[in-house]
Amino acid sequence: MSILGTRVVRTEDPLFLTRGATYTDDLVDDRLTGALHATFIRSQVAHGRVLSVDASAAREAPGVVAVYTAEDCPDLAPLPAGLPMVPPAMQRPWLATDKVRFVGDIVAVVLTEDRYQGEDAAELVSVDIDPLPTVVSTADAAKDEVLLFEEAGTNVAAVFGGPPPEDFFSGCEVVVRQAVKNQRVAPVPLETRAAAAAWGEDGRVTIWCTNQGAQQAKGEIAGWLGLDPALVHLVTPDVGGGFGAKIGADPEYAFVAWLAQRVGRPVRWTENRSENLLGMLHGRGQDQLVTIGGRRDGTVEAYAIHVDQEAGAYPRVGVILPTLTMLMAAATYAFPKVHASARVLVNNATSIGAYRGAGRPEATAAVERAVDMFAAEIGMDPAEVRRKNLVPPFHEPHTTPSGATYDSGEYVVALEKALEAAGYQELRAEQARRREAGEVKQLGIGLSTYVEITGADTGLGAAESAELEVHPDGTATVLTGTSPHGQGHATAWAMLASDQLGIPVEKITVLHGDTDRIPRGGGTMGSRSLQQGGAAVHQAATELIELARQRAAEQLEADPSDLEVDLTAAGLSVRGTPGSGITFAQLAEKEPLVVQTRFEAAAPTFPFGAHVAVVEVDTESGKAELQRLVAVDDAGIIVNPLLAEGQRHGGFAQGVAQALLEEVLYDADGNPQTSTLADYPFVSPTELPSFELVDMATPTPINPLGAKGIGEAGTIGSTPAVHNAVIDAVAHLGVRHIDMPTTPMKVWRAIQQAQQEGTN
Amino acid sequence: MIPGPFDYVRPTSVEEAIAALVEHGDDAKVMAGGHSLLPIMKLRLAMPAVVIDISRIPGMSYVRVEGDEVAIGAGTRHHQLEHDEVARAEVPILPYTASQVGDPQVRHRGTIGGTVAHSDPASDLPTALLALGGTVVVQGPNGRRSIPVTEFWQGFFETALAEDELIIEIRVPRTGSAGWAYEKFTRRANDWPIVAAAAVDGRVALANMAGTVVRATATEEALARGASIAEAAALADQGTSPGADMHADQEYRRHLARLLTRRALEKAAGGAAAAA
């Protein structure tokens with residue numbers, strides 16, 4: 001029986017749970033002996049002119065080796081936005097020169113013998129900033145009255161598409177329009193950002209950092225520093241979560257390398273949690289305008305979405321997120337007309353990057369809210385409206401009006417499974433009973449159906465690499481270009497190799513994140529790893545068997561075609577004669593038994609599912625509590641259900657958190673209001689029910705594993721289900737929409753306003 | 001997230017602690033569980049020159065009946081109070097309220113003396129203590145004195161405690177079977193209350209409705225006049241001066257004060273009825 005599809009316990013966990021993994025801050029390495037610690041001095045003003053930076057007192061402080069301000073490093077060229085659609089003037093200086101543009105902008109850096117001295121000395125750097133009017137919301141940014149980059153002449157970083165034709169909704173019996181906020185959130189990985197750099201006598205620099213893709217980060221840092229990439233060796237040790245915010249290098253990482261070269265000593269940096277909440281990329285940050293039109297029989301005829309995306313102060317990958325929102329705008333529906341457009345605006349806030357789902361949760365949240373509002377408007381059960389409009393089951397490619405080509409999907413099946421598992425009719429009956437009785441605690445039932453795109457980099461040359469070697473002692477090593485930071489690749493990749501070779505999982509070591517050993521790799525992001533990196537390991541095992549077959553044929557004086565894999569022996573034997581053969585380990589004795597391969601999928605895959613959330617809303621206080629989350633998530637063939645469920649659980653937690661709790665807030669002057677975990681309402685287990693998982697597996701033909709991505713589905717399906725449930729709980733009181741997060745105060749106020757409108 | 005430089009002293013007796021307070025005056029901060037002090041030191045919102053760690057002074061942790069009162073040592077940790085049999089029998093609102101503080105880690109470190117000294121208006125135990133009534137026993141170089149809880153909290157992070165005094169004990173009346181309730185409103189279980197209401201024996205105290213924990217005097221007076229719970233609770237926010245933050249503006253806080261007071265009074269009445 002194949003090991004694939006079984007619940008192999010994570011092989012990496014004993015290390016994580018007992019001896020401790022080695023994160024960047026934990027590194028003990030001879031090359032880092034005597035390392036200095038970098039402490040960044042950050043602007044506490046959201047927008048202003050830098051009048052002076054006086055570091056003279058700090059330079060005299062104990063343990064201070066050097067202080068750098070913009071004046072001290074004139075040779076550092078500003079960091080380009082790196083995106084062709086962004087005005088070139090929107091570039092980030094390494095250290096704020098004339099202006100600061102967000103609270104957290106780097107103004108100076110102190111190098112000290114230890115971290116304590118760094119924070120003490122940082123207090124002595126005197127920064128004089130003349131505040132300017134701030135741009136916090138996208139609406140303010142769009143006025144172009146206050147500009148972040150005067151030379152750019154606008155706050156608009158990018159525009160994608162134009163408005164829909166004027167007659168787009170003409171003929172619709174019902175048209176519902178709503179502004180929907182998909183709020184700014186913080187990724188909050190348990191491991192904050194950290195980096196270390198040491199230059200060797202050979203002129204090469206080794207950079208250790210916590211990141212989701214060593215190879216990409218290496219290329220960016222080499223580019224920023226003007227270095228020959230061959231001179232950069234980048235290592236990502238154990239990484240404690242990323243959620244998209246550790247995609248690509250951060251300027252601080254390159255800065256650490258530059259500083260190490262400048263002072264001739266290794267340099268380390270580890271940010272604290274408050275610095276993380278200011279300096280690390282945030283996610284989401286979309287102001288959406290959704291319009292949905294159709295007939296009173298429940299048929300939707302047209303759907304349009306416009307996105308105003310926050311970029312934050314310096315455009316990063318957030319700029320392109322709305323393109324994914326637009327691509328997935330049609331979602332699971334067979335709407336005949338779909339229109340999507342977007343505008344990206346810079347504002348005085350932390351830069352926006354990818355966050356678990358990255359553009360797709362925003363698409364799903366918008367359309368699922370729209371469908372619910374349409375259902376409410378025509379007085380039809382939201383499940384029924386979905387049934388009427390979902391794309392019927394298909395197993396041949398389906399192209400949507402928004403331009404995506406889905407591989408396979410059975411959305412109605414997913415929905416029905418979720419409704420059945422939830423006991424939808426009973427829930428509606430209980431809801432009706434509570435409404436009739438006028439109970440304080442009302443029940444809300446929220447639905448979402450979703451389809452998302454995973455491995456979206458396919459076709460962009462982002463094949464994935466794998467190297468597989470069997471050693472004479474019977475162990476094997478897998479080198480992968482993916483970059484696990486919690487996902488469990490060490491277990492899953494070992495399972496994939498073990499499945500074909502018969503070498504036990506515990507004898508297979510999986511290595512990643514070292515650009516000298518693994519020069520090519522796409523990292524882990526966009527739910528790509530299994531379908532590309534895992535498929536590459538699968539392919540490597542296939543190729544290794546062929547290599548072994550040729551060698552074994554010579555040694556055994558047999559016809560290669562007579563040899564078959566003997567899984568019990570972890571080798572090859574002559575067909576029909578078990579025990580006659582030779583093991584892979586024996587074959588590795590004379591010369592290395594190793595293959596290197598690359599796998600490139602023909603297309604992305606499109607996992608889908610349906611979620612049902614049940615919430616209880618205290619109508620007197622406005623507090624919503626999640627009671628149940630029933631989730632059907634179809635990610636094709638599952639290699640290890642334990643790992644897949646873990647990905648779903650984590651995604652649900654973050655998705656629920658976005659619906660109910662989390663939001664990065666700024667005041668009108670751009671001051672962050674959520675810069676500690678006492679203020680940022682990071683979700684905890686006490687706010688989450690035990691999730692109810694329903695299995696569904698529609699294989700994809702795109703890769704030999706039949707696997708689609710699962711890493712982000714949880715945040716895509718759960719957020720709109722919970723969001724819709726909260727509004728559903730108070731819909732009978734006249735509430736039509738509440739923006740996320742559905743805080744008690746917002747829910748209470750929505751009820752108050754609806755009642756006032758009802759009596760007027 | 002690294003505190004500024006400070007000296008650390010760890011006295012082994014109350015007298016030594018007070019001597020250290022006399023010596024260092026307002027340059028010093030007393031630390032017991034450290035769960036309020038250390039975070040603000042790490043954020044450099046507080047930079048005391050000296051930290052006096054009283055957590056190893058023996059004999060500061062106890063709960064015992066003394067006449068009509070329950071005496072609680074200032075060093076009693078929330079977890080101990082939560083599970084103390086004497087407290088559960090004699091003054092049940094306190095063990096319950098202790099169980100609502102933060103998370104288990106916080107409850108195993110934080111002390112009742114620390115939370116009383118900190119004078120955060122959004123604190124659980126001070127709210128319950130204010131509803132109970134009672135006294136804070138403090139000791140300075142000239143001996144001990146008792147301060148009624150109604151006079152102890154004077155402002156945001158301000159108390160009647162002199163610079164050279166240490167909290168020794170909290171004394172509260174035994175409430176026995178009297179009805180009580182502590183209604184805490186949070187977004188997450190381990191948060192500080194957005195608003196909370198404590199009710200015991202016709203007295204009501206509120207968290208986070210002013211610069212200190214406060215009594216809902218208009219409600220109490222209405223109850224004394226014989227008003228219904230609903231009528232009395234509708235007055236709960238009178239005389240308060242709530243702040244606004246991302247969780248609640250003033251209007252919503254006032255609403256919560258009225259709602260939680262009503263619920264606390266209803267629960268307390270139900271509890272009293274059940275006990276009777």
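## Domains of chain B

In this predicted model, the centres of domain 2 of chain B and domain 3 of chain B, taken over C-alpha atoms, are separated by 20 Å. The domain assignment of chain B places domain 2 at 63-173 and domain 3 at 180-269. Domain 1 covers 7-53.

Domains 2 and 3 of chain B touch. The contact involves 23 residues of domain 2 and 21 residues of domain 3. On the domain 2 side, helix H5 (93-99), helix H8 (124-132) and strand E8 (153-155) of chain B each supply at least two residues. H8(B) gives the most to this side, with seven residues. By class, the domain 2 side has twelve nonpolar, nine polar and two charged residues.

## Where chain B meets chain A

Contacts between the chains link 16 residues of chain B with 20 residues of chain A. On the chain B side, the largest share comes from helix H12 (residues 250-275) of chain B, which supplies three residues. The chain B side divides into ten nonpolar, three polar and three charged residues.

## An open sheet in chain A

Chain A holds an open sheet of four strands, ordered E18-E26-E27-E28. Its pairing is mixed. Strand E18 (441-451) and strand E28 (692-696) of chain A are the edge strands, and each pairs on one side only. From one strand to the next, the twist averages 15 degrees.

Strand E27 (residues 624-634) of chain A and E28(A) run parallel, joined by five bridges. Asp633(A) has Asp695(A) in E28(A) as its bridge partner. Helix H12 (residues 424-437) of chain A packs on the sheet. This helix of chain A touches E18 and strand E26 (608-618) of chain A. The direction of H12 of chain A makes about 145 degrees with that of E18(A).

## A helix pair in chain A

How do helix H9 (residues 360-378) and helix H17 (residues 713-730) of chain A pack, and at what angle? The angle is about 30 degrees, and the axes lie 9 Å apart. H9(A) and H17(A) are therefore roughly parallel to each other, because angles under 35 degrees count as such. Their crossing is right-handed.

H9(A) contributes Arg360(A), Pro361(A), Thr364(A), Ala365(A), Glu368(A), Arg369(A) and Asp372(A) to the contact. These meet Thr715(A), Ile716(A), Thr719(A), Pro720(A), His723(A) and Asn724(A) in H17(A). By class, the contact of H9(A) with H17(A) has four nonpolar, five polar and four charged residues.

Definitions and conventions:
Residues numbered from 1 in each chain as written. Chains lettered and ligands numbered in written order. Predicted model: local features only at pLDDT ≥ 70, side-chain atom pairs only at ≥ 80, totals over all residues. Pairing = 2+ DSSP bridges. Axes fitted to C-alpha atoms, helices over the stretch in contact; angles between N-to-C directions. Contact = placed C-beta atoms within 7 Å. Domains from an automatic or database assignment. Nonpolar A, V, L, I, M, F, W, Y, C, P; charged D, E, K, R; others polar. Parallel < 35°, antiparallel > 145°, perpendicular 65-115°, else oblique. Left-handed = near helix turned anticlockwise from the far one by under 90°.
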